[in-house]
Amino acid sequence: MTNTTTAVSRRSALALGGSALALGLSGLTAQAQQVVKVGLILPMTGPFASTGRQIEAAAKLYMAQKGASVAGKTLELVVKDDTGTPDVTRRIAQELILNDKVSVIAGFGLTPLAMSTAPIATQAKVPMVVMAAGTSIITDASPFIARTSFTQAQSAATMGNWAAKNGVKKVVSLVSDYAPGHDSEKFFAEAFKADGGEVLQSLRVPLQNPDFAPFLQRVKDAAPDALFVFVPSGVGAVLMKQFIERGLDKSGIRLIGPGDITDDDVLNGFGEAAVGTITAHLYSAAHPSALNKAYVEAFKKANNNMRPNFMSVGGYDGMHLIYEALKKTNGATDGAGLVEAMKGMAWESPRGPISIDAATREIVQNIYIRKVEKVDGELYNVEFATVENVKDPVKAGRK
Ligand code: DHB
């Protein structure tokens with residue numbers, strides 16, 4: 001009797017357990033079908049943390065505005081800190097793909113981080129959305145890469161043309177000694193010389209912990225019309241401080257460059273000495289469109305009054321690209337299909353009109369010439385000329 005009872009209860013317990021298990025499994029299956037994970041790998045700590053902070057904030061703002069539901073799926077963002085170290089970026093990408101089963105990897109705050117991870121995207125056939133890094137070669141490193149940030153060459157070549165046509169005859173260039181610095185140096189010089197300019201010296205400073213002082217002394221001695229500078233986002237503040245300390249702001253040498261140097265994340269702390277700096281770049285928080293005004297306001301509101309910079313729009317637009325690609329595939333997450341859907345996409349960003357070149361998966365965007373001015377007591381890059389639909393010069397002829 002006892003045995004029977006036990007047997008019965010054991011059977012019902014088993015049955016119950018079985019159905020509970022079945023329920024649990026079907027629940028899990030349904031969930032697995034619905035959630036689409038995006039792995040966002042960024043430098044959240046270390047010298048390039050401002051890039052991580054800006055892009056994470058922008059990606060989260062996009063999701064808060066549009067909702068997490070897209071094409072019948074629930075989008076989930078998994079944010080990881082790679083500390084700006086290439087080996088760590090690659091390892092995190094592998095883990096996200098193998099363990100977390102992310103459908104897209106995104107972020108990539110610096111060129112070496114994107115380059116170390118490109119082979120993983122190719123092997124795993126997972127789309128890789130580059131939201132920050134800017135060396136031209138990146139989109140050629142994998143057919144699964146699409147870029148929503150910029151290329152240094154877009155801004156540097158535009159600056160070279162503008163400077164030569166606007167009274168700048170002799171320049172010294174000063175760049176961080178790594179790939180985007182080399183691109184900046186090369187594409188500025190090519191464009192500047194083609195329009196009659198002369199580059200007196202091309203100086204390179206270490207990427208990590210740069211001391212600009214000895215280089216700035218050489219610039220002062222060379223007495224060019226302008227100093228062309230590229231340093232990555234976040235490093236501009238150190239350069240500007242030393243530029244002023246050495247009295248270069250009063251020496252008549254104009255400061256020019258791609259807009260990384262007058263990054264909106266740090267610009268307002270530069271003081272009066274920054275006023276008049278002319279740069280060519282893709283985004284200014286002062287871009288005078290209704291969409292951008294709403295973007296800046298929402299971004300500041302959600303982030304303790306932090307001003308969005310050019311990195312942030314790479315994150316915001318990167319999320320847009322992922323959302324719209326998923327809509328086009330009706331929620332299908334096959335990597336090749338998603339990348340195909342991204343090709344040729346065009347939309348209005350807070351920076352202005354942009355598109356993803358179908359042949360190269362590279363961003364095409366306006367590059368604005370801007371001057372640092374004080375507006376309502378704050379320093380901004382005020383746009384005063386526009387070169388429309390700039391392609392990466394390296395890929396301009398590709399179809
Ligand atoms: C890169 C990083 C930056 O912070 C920047 O402003 C431009 C380029 C890069 O490593 O590609």
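Predicted model: local features only at pLDDT ≥ 70, side-chain atom pairs only at ≥ 80, totals over all residues.
Trainee: Why are both faces of strand β11 called covered?

Mentor: Buried means under 20% relative accessible area. Ile278 and Ala280 on one side of β11 are buried, and so are Thr279 and His281 on the other. In a regular strand the side chains alternate between the two faces of the sheet.

Trainee: How do you know that β11 pairs with strand β10 and with strand β14?

Mentor: Pairing requires at least two bridges between the strands. β10 (residues 254-258) and β11 run parallel and are joined by three bridges, with proline 258 opposite alanine 280. β11 and β14 (residues 363-375) have four bridges in the antiparallel sense; threonine 279 has arginine 370 as its bridge partner there. Both pairs therefore meet the requirement of at least two bridges.

Trainee: Which residues touch the most other members of the largest nonpolar core?

Mentor: They are Leu75, Leu174, Phe188, Leu227, Met319 and Ile322, in a core of 101 residues. Helix α10 (residues 310-328) gives the most to this core, with ten residues.

Trainee: What makes a residue count as a contact of leucine 174?

Mentor: Heavy atoms must lie within 4.5 Å. Leaving aside neighbours within four places in sequence, the contacts of leucine 174 include Leu203, Phe212, Leu227 and Leu239.

Methods:
Residues numbered from 1 in each chain as written. Heavy atoms only, no water. Buried < 20%, exposed > 50% of the residue type's maximum accessible area, 1.4 Å probe, protein only. Core = buried A, V, L, I, M, F, W, Y, C linked by side-chain atoms within 4.5 Å.
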